[in-house]
Amino acid sequence: MRDVRLLADDFAPGDALARLEALGGGGVASFTGIVRGGDGLAELLLEHHPGMTLARMEAIAAEAADRWPLLGLIVLHRYGALVPGDRIVFVGTAAMHRGAALEACHFLIDWLKTSAPFWKRERFDDGRTRWVESRVEDDAAVARWNR
Amino acid sequence: MSLHILYFARVREQIGRSEEDVDPPATVVSVADLVDWLAGRDPGAAVAFADRARLRAAIDNVFVDFDAPIAGAREIALFPPVTGG
């Protein structure tokens, strides 16, 4: 089972976990990314490339399915205007054993951050806006999955 | 050769538009050549493309390096390094 979606609206991680748990494996792993508040952040705008983003997400999911013996995986990523506390992304994996589920989940979120075309713009309470810069730590995180 | 160009995020804001059709001269062979040519004809593009380390490209929805040839391309997207997840 492979379910990869680009969403304008919120999603329910509990529903996604229940679908993964029903696949008959021994383990389900997940990561949920949430908009961090603080520093006067009022809104996080997620811009994407309509012709490319979903295809890249599907390619990353296919790579994970290729590398680990997964029973299922779910990748949900939102776009548009979000506020602190909102969910941005969900990655869930199901496998017979925990190792594959945990590693594939970690791989998926590292790769999504560095190779799916999304860009974040922060807007603060005082009206300032700022594009979030890519971080070298993210590139380092993904480099460890290279083989 | 007519090319459709897409701009995203900071690059889109600095150039002031999200897309355009261009007809570069035959001397424009690679993505790097195209970026130089676009920067030379538009002050906003010159600012957006000033730091190549903060610029990425895709040809027909596939990430490419700047030395990639643009022959046969229909659409080229230029954008900052991605920040999803």
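This report walks through the strands, the core and the chain contact of a predicted model.

## Before you start

Since we're looking at a predicted model, local features need pLDDT of at least 70 and side-chain atom pairs count only at pLDDT 80 or more, while totals for chains, interfaces and linings use all residues. Residues are numbered from 1 along each chain as its sequence is written, and chains are lettered from A and ligands numbered from 1 in the order in which they are written.

Let's begin with strands, which are DSSP runs of E with at least two residues, while helices are runs of H or I with at least four; both are numbered from the N terminus. Two strands pair if DSSP finds at least two bridges between them. In general, strands of a sheet pair through backbone hydrogen bonds, either parallel or antiparallel.

Chain A has an open sheet of four strands in the order 5-3-7-8, with antiparallel pairing. Strand 5 (80-82) and strand 8 (129-131) of chain A are at the edges with a single partner strand each, so one side of each has no neighbour in the sheet. Further in, strand 3 (residues 41-48) and strand 7 (residues 118-124) of chain A run antiparallel, joined by seven bridges. One pair to look for is A:H48 with its bridge partner A:F118 in strand 7.

How many of the nine residues of strand 4 of chain A are buried? Eight are, so strand 4 (residues 70-78) is largely enclosed by the rest of the structure. Here, buried means 20 or more other C-beta atoms within 10 Å of the residue's own, exposed means 12 or fewer, and partly exposed is in between, with C-beta atoms placed from the backbone.

Strand 4 runs parallel to strand 1 (residues 2-7) of chain A, and six bridges join them; A:R2 has A:L73 as its bridge partner. With strand 6 (residues 87-95) of chain A, strand 4 pairs in the antiparallel sense over seven bridges, and there A:V75 stands opposite A:V91.

## The core

A nonpolar core is a set of buried Ala, Val, Leu, Ile, Met, Phe, Trp, Tyr and Cys residues joined through C-beta atoms within 7 Å. The largest one has 56 residues, and A:A64, A:A104, A:L108 and B:L78 touch the most other members. Helix 3 (residues 98-115) of chain A gives the most to this core, with nine residues.

Beyond its neighbours within four places in sequence, A:L108 is in contact (C-beta atoms, placed from the backbone, within 7 Å) with A:I60, A:A61, A:A64, A:V75 and A:V91.

## Where the chains meet

Chain B puts 13 residues into the contact and chain A puts in 21. On the chain B side, helix 1 (9-15) and strand 5 (75-79) are the elements giving two or more residues.

Notes
Contact = placed C-beta atoms within 7 Å.
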